[in-house]
Amino acid sequence: RTRSTVAALAVGAVLAVGPRTVANLLHTLGLADDPGFAAFHRVLNRNRWSGLKLARTLLNALVSAFVPDGPIVIGVDHTLERRRGAHVRPASHCFDSVRSSTEQTVTSRGLRWMTAMLLVEVPFAGRIWALPVLSALVPSRSWCDTQGRHYRPTTTWARAILLRLHRWLPDRLLVAVMDGEFAALTLLDAVSPHMVAITRLRLDARLFDPPPDPPLTLRQVMKGARQPSLRARLTDKATIWRRAVQPSRTRWRSGGWVDYASGTALWHHQGKPIVPILWVMVRYPDGRRDPEAFLCTDLSVPPRTVLEWFNRRWAMETTYEESRA
């Protein structure tokens, strides 16, 4: 019974100019004076429908249209929806990455949403688009403590979202692209058997060689010798650097030259699982940015493919900015 009403709201959201409120959508559709206007408001506050079923239907439609074969690149990140009012729950004060800078940290009150987006190149646009397929509301620790609920960090929410996408697409290769906040060993260890995970990597990460085969002692050895840190490799003359053209973030112009070095290692931290990774370190000859490092849980992926897949993540910032507007 809700199908025609939801279809009208979807068309109104595409055509409307300004805020996507129900009243503005009805005004755009010419239904502002319709006697049954209350039915449109009941879709969001009273009607019963499954957001997970809607997300699965949307995901299958987008994958069949834009990625019929090959790897499916999924970006995962969270954003803050600024909301005021005492009855907006579970709104709380969170870090506002848009208004913050390296010199000043700003917090704003609002709702924190974690979103999984399909990162595809749309043919008629000629660039990468980030198309949201699944979102989850992430309450803050203070709100959970006040309400007596169990707090789940962002890495736990990301694991739940990615594993659900894997259950929906069990026969396709998924590539999860995330920022450095999600570079957690527990998260990578949980999702690496089911998909390829790519995140940023700290330059001081503890990297080790694989264990010797056969082992030198009867004791089970999980890792080998400690490798030099990535920060030390920046100035090491033995590091082999290769030059490539960095893909442009906007695809409207070509990117600049970058030097990259790569290798394999076991990433280990005390009390955490050991994850084999492919690390890729990038430096910028013109000094426009500081050196960066990335990791990939699939050791067979070419380093330049890792950089290209991670570069798609910047399309998510455009989607977040347009949704806020």
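I take a polar contact to be a pair of N or O atoms within 3.5 Å, where within protein one must be able to donate a hydrogen and the other to accept it, and where residues adjacent in sequence count only if both atoms are side-chain atoms. The model is predicted, so I note that local features need pLDDT of at least 70 and side-chain atom pairs count only at pLDDT 80 or more, while totals for chains, interfaces and linings use all residues. Residues are numbered from 1 along each chain as its sequence is written, and side-chain values use heavy atoms, with hydrogens and water left out.

Entry one, the chain. I found that 42% of its 325 residues count as buried, meaning under 20% relative accessible area with a 1.4 Å probe and protein chains only. I noted a box of roughly 80 × 50 × 45 Å for the C-alpha atoms, taken along the principal axes.

Entry two, arginine 200. I looked up its cover and found arginine 200 buried, with a relative accessible area of 19%. Which side chains does arginine 200 join through polar contacts? I found aspartate 179 at 2.8 Å and glutamate 292 at 2.7 Å. Not counting residues up to four places away in sequence, arginine 200 also touches others, including Met178, Phe310 and Trp314, where a contact means heavy atoms within 4.5 Å.

I recorded cysteine 144 as buried at a relative accessible area of 3%, and cysteine 296 as buried at 0%.

Notes:
Buried means under 20% relative accessible area, exposed over 50%, partly exposed in between (1.4 Å probe, protein chains only).
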